[in-house]
Amino acid sequence: MSYEKEESIAIQACLQAAKLTERVRSKIPKAIEKIDNSPVTLADFGSQALICYHIHSAFPDDPIVAEENPKELLKPERAGDLKQIVDYVKEDNKDVDEKKLIEWIGYGNGRVSERFWTLDPIDGTKGFIRQDQYAIALALIVDGDVKVGVMACPAYGSDGGLLFYAVRGKGSYTQSITSYDTTIPTRIHIVANNDQNTFRFTESVESCHGDQTKQNEIAKRIGIQTPPIRMDSQVKYGLVANGEAVLYFRFPNPHRQDYRENIWDHAAGTIIVEEAGGKVTDMDGKPLNFRDNEKMLHNRGVIVSNGIIHDQVLEVLKS
């Protein structure tokens, strides 16, 4: 399959969601604490509603496995938040009301199947709140393989943000978010190890999201001398795919060794790096498992590289 329709719908959905999230971000984003103590904003719900509406309208038989659950908005104390999200979404879809909004967000509570979409409506919510990096990440998975990946990164670069997208077997591309309709796609590629300006690695801003001590140790052992680039969200995948870094590490936090990653935090970024010539595995060299569960239960940590240096990293990890 060419997946042309899927790519087109996914791109337009993410572009529309990016406009909404940037409108919200221009104000002071309100954060709500979820049951797992992680933050969610009104923009997360608005983004999920818009994207799930577009995907469900075009592909009604496709489940969507997304991060947010509309039950949070049904609490009596969230009535004002629900109305505010409706107002945000109405700027892009006049037909929305409170009932439809809950329904659209709920489309994202599907299950992993042979063919499904996975979505993080705002990956890097803490970055979003502090006016830093975040990504809207959407991927189509068929028989466990990511076939289409789209990441809208509104804070990437200095030209109104960058859209990353890829279809399996067709390469990875970028375009400006704010001038998407008037720009042509740029094909992107990983960078080799011989450019000292890009021979560097990236990791999460939040120390609890990894093992920064070990990540820095491994980087030094393979010859990387520069400090890490710390960023929120799957934007780090974009950094490797775009040839601005050779590695992205996400090792398990030593205090949370039983933690396993969510598929929506990695699916879109994985295909974008792979189609740019890079490689993505876990710490044991196994491909990331997007087939069985919304959590990658059989994967430990994540290594994203330019491909050239990947085997060396795995060998150093074993020693």
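Modeller: Start with a term: two strands pair if DSSP finds at least two bridges between them. Strand β10 (residues 201–204) and strand β12 (residues 247–250) pair over two bridges, in the parallel sense. Keep in mind that this is a predicted model.

Colleague: Which residue stands opposite F201 in that pair?

Modeller: F201 faces L247, which belongs to β12.

Colleague: What sheet are those strands in, and what is the strand order?

Modeller: An open sheet of five strands, in the order β11-β10-β12-β14-β13, with mixed pairing. At the edges are β11 (229–231) and β13 (279–281), and each of them pairs on one side only. On average, neighbouring strands here are turned by 20 degrees against each other, direction ignored.

Colleague: Which strands does helix α6 lie across?

Modeller: Helix α6 (residues 212–221) lies across β10, β11 and β12. Its direction runs at about 175 degrees to β10.

Colleague: Now the other sheet. How many strands, and in what order?

Modeller: Seven strands, and this sheet is open too, with the order β3-β4-β5-β6-β7-β8-β9 and mixed pairing. β3 (64–66) and β9 (186–188) have a single partner strand each, so one side of each is left without a neighbour in the sheet. The twist from one strand to the next averages 20 degrees.

Colleague: Are β4 and β5 parallel or antiparallel?

Modeller: Antiparallel: β4 (residues 115–123) and β5 (residues 135–142) pair over seven bridges. Within that pair, T118 is opposite A139 of β5.

Colleague: And which helix packs on this sheet?

Modeller: Helix α8 (residues 267–275) does, touching β4, β5, β6 (145–153), β7 (162–167), β8 (172–176) and β9. The direction of α8 makes about 100 degrees with that of β6.

Colleague: Different topic. Where are the domain limits?

Modeller: The domain assignment gives domain 1 as 4–188 and domain 2 as 201–318. Their C-alpha centres lie 23 Å apart. The contact takes 43 residues from domain 1 and 29 residues from domain 2.

Colleague: How much area do domain 1 and domain 2 bury between them?

Modeller: About 2,600 Å², with 62% of it on carbon and sulfur atoms. On the domain 1 side, M151, Y156 and I188 lose the most area to domain 2, and together they make up 19% of what that side buries.

Colleague: What about polar links there, how many residue pairs does the rule find?

Modeller: There are 11 residue pairs in polar contact across the interface of domain 1 and domain 2, both residues at pLDDT 80 or more. As for the elements, β3, β4, α5 (125–129), β5, β6, β7 and β9 each supply at least two residues of the side of domain 1 that touches domain 2. β6 gives the most to that side, with seven residues.

Colleague: And how many salt bridges between domain 1 and domain 2?

Modeller: Five. Elsewhere in the list of pairs, E275 forms a salt bridge with R168, and their closest N and O atoms are 3.6 Å apart.

Colleague: How many salt bridges does the structure hold?

Modeller: The structure holds 24 salt bridges.

Terms used. Residues are numbered from 1 along each chain as its sequence is written. This is a predicted model: local features need pLDDT of at least 70, side-chain atom pairs count only at pLDDT 80 or more; totals for chains, interfaces and linings use all residues. Side-chain values use heavy atoms; hydrogens and water are left out. Helices (H or I, at least four residues) and strands (E, at least two) are DSSP runs, numbered from the N terminus. Axes are lines fitted to C-alpha atoms, for helices over the stretch in contact, and angles run from 0 to 180 degrees between N-to-C directions. Contact means heavy atoms within 4.5 Å. Domain bounds come from an automatic or database domain assignment. Buried area is the accessible area (1.4 Å probe) that two parts lose on being put together, summed over both. A salt bridge is a side-chain nitrogen of Lys or Arg within 4 Å of a carboxyl oxygen of Asp or Glu. A polar contact is a pair of N or O atoms within 3.5 Å; within protein, one must be able to donate a hydrogen and the other to accept it, and residues adjacent in sequence count only if both atoms are side-chain atoms.
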